[in-house]
Structure formats: C-alpha cells, structure tokens
Amino acid sequence: DTRQRKVHLRLILVSGKTQDFTFSPNDSATDIAKHVFENWPAGWEEERVSSPSILRLIFQGRFLHGNVTLGALKLPPGRTTVMHLVARETLPEPNSHGQRNREKTTESNCCLLL
C-alpha cells in the first residue's frame, strides 16, 4: 500500500539547523516548500522567509525543480533522507550568463557555483 510508504526528510538550513518532516512519495518539491512554510519550525524563526515560493530544496548537490516528486528520486523507504533547504528567488539557468560577451571570442567564460 503506497499510503504506508512515507518519505522521511531531514531538512538542513544554511545555518546548520535541522528539522525532520514526513511526506508522501507523490509530494513534489513545491508541495514540500509549501508544507515547511506553513509548518515553520519554532527553532527556525531567525531564518523565516516571506513566501514558500523562494524555498528551494537541494538533494545530492542539485536543485530540485518544483514538479519533481519524492517518488521520482527513488529515495530509500524507511530511511531518513537529508536535503538542504535554501531561500533564493530563482534557480540557476544553464548558460544564462555570458550571452552578451559572445562576440568577444578571446574571453573565457567561467562560472562559480556558490
């Protein structure tokens, strides 16, 4: 029964604070952000954000886009999966910078991931 297969997430803030949550495999990254925003942990007051739409999940070094479900990530059932929770307005778009410098072919484009 899929209703029994809950997904346990331990979310870590940039500050290092953690909180455990339980979700369904059908929940998407957007659903998770909304749930966390609406059930903001008491110990996270200093990190509170103004809107769930700026909360981003990072799993194994990659940003999870809004429609990705936990089930699609094939997380191990019965185990707690750790993800990072960060507040940022936009997700990095591949090759979004460096477009205006295209005519300068001698210049090398380098990107720094923070």
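Trainee: In this predicted model, at about what angle does helix H1 run to S2?

Mentor: Helix H1 covers residues 29-38 and lies across strand S1 (7-12), S2, S3 and strand S5 (80-87). Taken against S2, the helix runs at about 125°.

Trainee: Which strands stand at the edges of the sheet, each with a single partner strand?

Mentor: The open sheet has five strands with mixed pairing, and their order is S2-S1-S5-S3-S4. The strands at the two edges each have a single partner, so one side of each is left without a neighbour in the sheet, and these are S2 (18-23) and S4 (62-63).

Trainee: Which residue in S4 does Ile58 stand opposite?

Mentor: Strand S3, residues 55-59, pairs with S4 in the antiparallel sense over two bridges. Within S4, the residue opposite Ile58 is Phe63.

Trainee: Which element gives the largest share of the largest nonpolar core?

Mentor: That core has 22 residues, and those with the most contacts inside it are Leu9, Leu11, Val36 and Met83. Two or more residues come from each of S1, S2, H1, S3 and S5. The largest share, four residues, comes from H1.

Trainee: Over which residues does pLDDT stay under 50?

Mentor: The mean pLDDT of the protein is 84, and 76% of its residues reach 70 or more. Where pLDDT is low, the predicted coordinates should not be read in detail. That caution applies to a stretch for which the model has two contacts beyond four places in sequence, and where pLDDT stays under 50, namely residues 98-105.

Key:
Residues are numbered from 1 along each chain as its sequence is written. This is a predicted model: local features need pLDDT of at least 70, side-chain atom pairs count only at pLDDT 80 or more; totals for chains, interfaces and linings use all residues. Side-chain values use heavy atoms; hydrogens and water are left out. Two strands pair if DSSP finds at least two bridges between them. Contact means heavy atoms within 4.5 Å. Axes are lines fitted to C-alpha atoms, for helices over the stretch in contact, and angles run from 0 to 180 degrees between N-to-C directions. A nonpolar core is a set of buried Ala, Val, Leu, Ile, Met, Phe, Trp, Tyr and Cys residues joined through side-chain atoms within 4.5 Å. Buried means under 20% relative accessible area, exposed over 50%, partly exposed in between (1.4 Å probe, protein chains only). pLDDT is the predictor's confidence in each residue, from 0 to 100.
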